[in-house]
Amino acid sequence: LPNRFSGKAVMEGQRKFMGTLWNTYAFYVLYANIDGFDATKYSLDYDKLTVMDKWLLSKLNKLIQSVTEAYDKFDLKKVCTYDEDKINELLDNKGIIRNKLKINASIGNSRIFKAISAEYGSFYNYLKSFSGDAVIFETGKTTNALSDAISNDLQKRGMKFVGSTIIYSYLQAVGIIYSHDENCFLHKHK
């Protein structure tokens, strides 16, 4: 069992954190998770999918590709330099979700993220300053004191769209919060 969270996992999580698809993941974790679903026993046979499922899968794959390309493969240095011309380019890009508030937030959040990483040496170290490098084992929650504290701090620093529920999902994704219940195939005891 993990007793520390992984710096590598935090780095991977931060790359994904900057993307528009984070909201999709958070929705899945919080609202659409199917009880008793064991992903290890499921294989996707594309030929047997319904037309609607093929269409949805196609749309999702296209969105992932479009967002990745639009945000320069989530290169933090590049995203931090985006100006009004790039914002207008993103707003004109029909392949991504064109919400000006979220586009501006993604750029501003990138700059704040970079500043936090410089201040603490890494975003991993920033998270450790809150968590003490411990893994929290809990189920059935969407927020906790840790996600509240990190969310509040990020908001004070100027980040947008980083409420406690989103931060809680992020902490789950990077392994700081371990919340697989007893019926989950990934469940392990402390």
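**Core packing and aromatic pairs**

The largest nonpolar core holds 18 residues, and those with the most contacts inside it are Phe123, Tyr126, Leu127, Ile150, Leu154 and Leu171. Such a core is a set of buried Ala, Val, Leu, Ile, Met, Phe, Trp, Tyr and Cys residues joined through side-chain atoms within 4.5 Å; buried means under 20% relative accessible area, exposed over 50% and partly exposed in between, with a 1.4 Å probe and protein chains only. The model is predicted: local features need pLDDT of at least 70 and side-chain atom pairs pLDDT 80 or more, while totals for chains, interfaces and linings use all residues. Residues are numbered from 1 along each chain as its sequence is written, and side-chain values use heavy atoms, leaving out hydrogens and water.

Helix α6 and helix α7 meet through Phe113, Ile116, Ser117 and Tyr120 on the α6 side and Phe123, Asn125, Tyr126 and Ser129 on the α7 side (contact: heavy atoms within 4.5 Å). The residues of this contact divide into five nonpolar, three polar and no charged.

Turning to the rings, eight aromatic pairs are counted, a pair being rings of Phe, Tyr or Trp (its six-membered ring) with centres within 6.5 Å, stacked if the planes are under 30 degrees apart, edge-to-face if over 60 and tilted otherwise. Phe113 and Phe123, both buried, form a tilted pair, because their ring centres are 4.5 Å apart and their planes stand at 35°. Phe137 and Tyr178 are also paired and tilted, at 5.2 Å centre to centre and 55° between the planes. Of these two, Phe137 is partly exposed at 24% relative accessibility, whereas Tyr178 is buried at 13%.

Methods: Helix = DSSP H or I, 4+ residues; strand = E, 2+ residues; numbered from the N terminus. Nonpolar A, V, L, I, M, F, W, Y, C, P; charged D, E, K, R; others polar.
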